[in-house]
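Dear colleague,

My notes on what was found in it follow directly after.

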Amino acid sequence: MQHQNYTVTELAQILNSQTKLIDGQVVIKYLAIDSRSVLVPEHSLFFALSSHRDGHDFITDAYAKQIRNFVITKPDYVEQYPDCNFILVENALTALQTLAAHHRKQFTLKTIGITGSNGKTIVKEWLYQLLATDFNIVRSPKSYNSQVGVPLSVWQIDAENNLGIFEAGISSVNEMQTLAEIIEPEIGILTNINEAHAEGFPSKKEKLIEKLKLFKNADLLIYSPEYTNELVVNELPGKRKFSWSSKQGADLRIIAVEPLEDKCSLRAIYQDVEIECTLPFKDKASIENGIICWATLLAIGYTPAQSNLRLEKLSHVSMRLELKNGINQCSIIDDSYSADISSLAIALDFLNQQNQHPKKTVILSELFETGRSDQDLYTEIADLLKQKKVNRLIGIGAHLSKYASLFNLETQFFDDTNAFVTAFPSIQFSHETILVKGARRFEFARISKLLTQKIHDTVLEIDLNAMVNNLQFYRSKIKSGVKIMAMVKAFSYGSGSFEIANLLQFHKVDYLAVAYADEGIALRKAGITLPIMVMSPEESAFEAIIKHHLEPEIYSIEILNAFVNALSNQTNYPIHIKIDSGMHRLGFDEAELDQLIDLLKGNDNIKVESIFSHLVASGESQHDEYSQQQISTFKIIANRLIEILGYKPLLHISNTSGISRWPDAQMDMVRLGIGLYGFDAAISNNPSLQTTMVLKTTVTQVKTLNAGETVGYSRKGVMPNGGKIATVKIGYADGYNRAFGNGVGKMLINGQLVPTIGSICMDMTMLDVSNLDVQPGDEAIVFNQEHSIVDLAAEINTIPYEILTNISQRVKRVYFYE
Ligand SMILES: *Cc1c(COP(=O)(O)O)cnc(C)c1O
């Protein structure tokens with residue numbers, strides 16, 4: 001991803017490959033795998049990797065972005081692009097890995113390799129925080145730990161670095177060997193091993209053995225015997241070993257963990273002496289990650305006193321961008337992760353992906369990038385801002401303002417965050433998307449607080465990466481050439497409107513569908529250019545539909561006549577014909593066909609863009625015969641229409657559950673709805689589908705009740721033996737159904753499921769938290785991955801669709817993206 005000076009010819013020699021070079025002297029600094037997020041195209045080498053899609057399909061796109069250097073496996077492209085450099089290989093992923101391994105061997109820096117089931121990224125980021133004063137560190141960006149992520153991480157090493165911290169993650173056997181050869185860690189950290197993600201491995205022992213292959217040649221292994229009891233110590237890699245545990249004998253033997261107000265104090269026995277440290281966190285996962293960092297500091301020679309001084313200053317790591325509503329109709333993208341140029345590029349891409357406001361502002365602090373001059377760095381940043389079409393830069397830091405002349409856009413500079421905060425009331429922010437990105441010491445949290453609307457204590461968090469994952473999952477299920485219409489009706493099943501549509505547009509779905517015209521209009525106003533089908537086009541909205549180029553679903557003769565009348569002199573206006581093949585809701589049935597044909601024949605006002613129908617039970621095997629019947633009825637009707645139209649519209653019938661269960665009914669397009677949001681009745685518990693939404697609220701007050709006291713309206717909640725209740729800030733007006741009352745619904749507090757008590761109120765709910773340590777301000781999770789929407793739906797006898805779409809608009813949506 002970064003600065004190294006290999007020529008294309010040298011890289012081809014390292015790969016020992018055939019080439020077709022126009023200019024072999026071109027210097028390659030960046031390895032690119034995604035044509036959409038390329039930093040400096042003239043120094044980038046694009047790898048046509050194949051995963052969900054064939055990477056060669058993106059060559060056109062990469063070429064349009066000015067990339068001229070490619071690693072490919074299919075020689076036909078050489079002819080198509082005569083002005084490009086091509087390196088021809090057997091396997092593009094292997095080529096990427098080979099280059100990274102070669103690059104790694106050019107340096108003798110100390111390296112820490114981290115693997116394990118959880119905590120890899122946090123431990124990596126914390127070690128970076130802990131060691132940055134003593135080393136010039138290169139580390140994996142975000143959680144780049146895969147077969148692709150590791151080579152990209154290692155490629156960043158340059159001569160200035162004296163420590164590399166890299167994480168490695170695997171999902172099946174035989175993957176670690178490759179990563180070990182690329183990272184060659186001198187120090188190994190095994191964070192933990194859990195039961196999850198065991199799919200790719202025959203047993204837990206096998207998983208452990210595979211992960212430990214990363215440390216085959218390591219000098220030092222840091223681990224906990226709690227996670228390695230399938231093996232004896234002698235079977236563990238590492239010339240030297242350093243163990244930690246709170247349950248059994250270890251080099252760092254934790255003897256007490258004491259939670260304090262917002263931190264926790266740890267005591268341990270180390271070299272026969274009692275030592276202690278304070279961590280500024282108190283949740284279980286952070287404590288374990290903190291202990292791993294403590295063990296690492298001690299194992300590499302820091303004293304207990306030095307370690308404690310550093311550990312107590314650790315700060316929260318957020319690896320995700322947050323998109324939220326701001327003041328004056330702005331959208332705020334908050335990225336407090338890290339302040340280097342590659343993360344800036346990722347954030348700028350995300351800024352570009354969100355088109356809802358024409359104006360784009362970046363608030364940026366000084367950046368630090370080792371091994372290059374500031375002149376160089378800020379020139380590149382200025383290029384990047386220009387290339388990503390940013391309109392305004394607000395620069396913070398005295399040093400940054402010295403380079404003001406490099407930036408060719410509207411700018412304003414402040415010496416420090418305080419100066420910005422003071423000037424804030426006089427700076428205009430309105431109807432724009434604002435990216436807030438600053439190095440930690442600039443404390444940009446203060447800035448995003450000023451810009452953000454007050455976040456209520458009940459939020460629906462939407463994980464955009466999970467949504468992209470789900471989209472790719474369904475892409476992998478459809479046949480090549482089949483298009484995707486993404487269903488974003490009902491506020492994208494409750495998750496948002498333009499935020500989701502922008503994401504889908506960026507990830508190149510073919511069509512969007514909404515229920516009503518005003519949903520479509522809102523998307524057009526937010527810059528969505530994809531074709532949009534409107535499923536219930538009201539006659540009163542025809543004018544607006546035409547003005548915003550929305551495409552109506554035509555389900556009756558009346559609506560067809562009315563729409564044709566509303567068109568003035570347009571020709572070939574796209575419409576979608578809905579056939580009733582058995583749902584008996586909307587659509588033409590066989591009897592109306594002749595009349596429909598008469599109207600369509602020779603009418604050049606309209607063009608039938610697609611013909612479609614809807615399956616009533618695509619996911620339920622007991623109705624398979626009916627589904628089969630629907631599919632054939634649809635085909636017969638559609639074919640009759642096609643015959644008289646003289647051209648072939650797109651045919652589609654499959655919704656989410658139809659995609660995997662009825663591969664032969666994918667036709668020209670599928671309509672992907674709830675699967676995008678992580679549910680599929682046909683394939684429940686499929687680990688490839690990820691949870692996209694988490695609904696959380698906050699405890700307002702905790703009360704202790706005496707025996708016999710009651711809770712809430714009509715004295716419904718009875719506590720015969722007394723106990724403790726917590727009141728949380730969500731009620732039926734937020735979409736938390738009254739049916740959840742009186743113990744039917746449950747929420748998670750501090751990892752424990754607790755039942756509701758009494759009736760659900762309009763804005764509040766009471767939970768029975770007897771025997772639980774709960775404080776006002778604690779988080780209560782209504783649903784997440786563990787306590788899923790499927791469970792909630794089952795509790796009150798409904799379906800996930802209803803739970804999702806009931807979440808009211810007053811619940812704030814916050815979007816996360818890495
Ligand atoms: C909502 C809807 C879909 C999507 O259904 P899912 O089960 O959510 O995939 C598809 N087609 C039509 C006509 C719909 O109304």
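Tyr713 is found in the loop between β33 (710-711) and β34 (717-718); helices (H or I, at least four residues) and strands (E, at least two) are DSSP runs, numbered from the N terminus. The model is a predicted one: local features need pLDDT of at least 70, side-chain atom pairs count only at pLDDT 80 or more, and totals for chains, interfaces and linings use all residues. Residues are numbered from 1 along each chain as its sequence is written, and side-chain values use heavy atoms, with hydrogens and water left out.

With a relative accessibility of 59%, Tyr713 counts as exposed. The classes are buried (under 20% relative accessible area), exposed (over 50%) and partly exposed (in between), with a 1.4 Å probe and protein chains only. Leaving aside residues up to four places away in sequence, Tyr713 touches Ser759 and Cys761, where contact means heavy atoms within 4.5 Å.

Tyr713 is listed by UniProt together with Lys489 under "active site", in an unreviewed entry. The two span 225 residues in sequence, and their C-alpha atoms are 35.8 Å apart, so they do not all gather at one spot. UniProt positions are given here in the numbering used for the model, feature names are shortened, and annotations may be inferred rather than shown by experiment.

Lys489 also carries the UniProt feature "modified residue: N6-(pyridoxal phosphate)lysine", again from an unreviewed entry. Lys489 lies in helix α17 (residues 489-493) and is partly exposed, with a relative accessible area of 26%. Its contacts, not counting residues up to four places away in sequence, are Ala513, Val514, Ala515, Glu519 and Met535.

Tyr493 counts as buried, at 6% relative accessibility. Glu443 is not a glycine either, yet has a positive phi of about 50°. Glu443 sits in the loop between β22 (432-437) and α15 (445-451) and counts as partly exposed at 47% relative accessibility.

As for the protein as a whole, its secondary structure comes to 26 helices and 40 strands. The radius of gyration is 29 Å, close to the 28 Å that the globule rule gives for 818 residues, so the protein is as compact as a globular protein of that length. That radius is taken over C-alpha atoms, and the rule is 2.2 Å times the number of residues to the power 0.38. Along the principal axes, the C-alpha atoms fill a box of roughly 90 × 85 × 60 Å.

Buried residues make up 57% of the 818 residues. Of the contacts with a separation of 6 or more, 65% are between residues 24 or more positions apart. The protein exposes about 34,400 Å², of which carbon and sulfur atoms supply 48%; accessible areas come from the Shrake-Rupley method with a 1.4 Å probe, and for residues only the protein chains shown count as cover.

With kind regards
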